[in-house]
Amino acid sequence: FYDKRLNDEDFTTYKLKLFISVDGKKTQDVFDGISRGKKEALAKLTWLRKGGEHYVTLAEVPHGLGAAIKKLKAGTCLQPVTVHEGVLVLYVEDIKTSPKPELVKLEDEIKDSLVAERLNADIKARRATAKIELRS
């Protein structure tokens, strides 16, 4: 599991800022301003993670946008995306690459992950073979 399924990139963290609005035009204007390097547009962004150093892993990026963020470089932003809160722009300020921690430090997380996988597989198998009867 450790060697086959965990990579250094799984532990890379991203310093992200965001802008979200129900007004798609306003969000597009912020995106265009950032693309042109306008400081006023960057000033409208807020931190994705409020406390600490503001770094998040791809798994912590909201709305499943981690895969899209992974393709970006520092100083670039994601095209406006419609989410249930409005239209969102994510800006990558910095990227920190970190090596994969030693196995000893990840043992508990790996065990939890394997147990969850087996449990989900068991539930899925039981649902597939379950017979549901509706009675009135």
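So, how far apart are the end C-alpha atoms of helix α5, and what should its 27 residues span? Before I get to that: this is a predicted model, so local features need pLDDT of at least 70 and side-chain atom pairs count only at pLDDT 80 or more, while totals for chains, interfaces and linings use all residues. Residues are numbered from 1 along each chain as its sequence is written, and side-chain values use heavy atoms, with hydrogens and water left out.

Okay, α5. That's residues 103-129, and at 1.5 Å a residue the helix should span 39 Å; the end C-alpha atoms are 37 Å apart, which agrees. The expected span here is 1.5 Å times one less than the number of residues, and helices (H or I, at least four residues) and strands (E, at least two) are DSSP runs numbered from the N terminus. There's a bend in α5 too, about 35 degrees at E109, taken as the angle between axes fitted to the seven residues ending there and the seven starting there.

Now the inside. The largest nonpolar core has 14 residues, and L16, V61, I69 and L90 touch the most other members. Strands β1 (13-21) and β6 (86-96) each supply at least two residues of this core. By core I mean buried Ala, Val, Leu, Ile, Met, Phe, Trp, Tyr and Cys joined through side-chain atoms within 4.5 Å. Buried is under 20% relative accessible area, exposed over 50%, partly exposed in between, with a 1.4 Å probe and protein chains only. Apart from that core there's another one of 9 residues, including V30, C77, V89 and Y91.

Let's zoom in on L90. Leaving out neighbours within four places in sequence, L90 contacts K17, L18, V61, L65, I69, T76, C77 and L78, where contact means heavy atoms within 4.5 Å.

Next, V56, in strand β3 (residues 55-57). V56 counts as buried because its relative accessibility is 4%. Beyond four places in sequence, V56 touches T12, T13, Y14, L16, L48, R49 and V61.

Then T27, over in helix α2 (residues 24-35). Its relative accessible area is 0%, so T27 is buried.

Last bit, rings and charges. K17 lies over the face of W47, 4.6 Å from the ring centre, and the charged end of K96 sits over the ring of Y55, at 4.4 Å from its centre. The cut-offs there: NZ of Lys or CZ of Arg within 6 Å of the ring centre and within 35 degrees of the ring normal.
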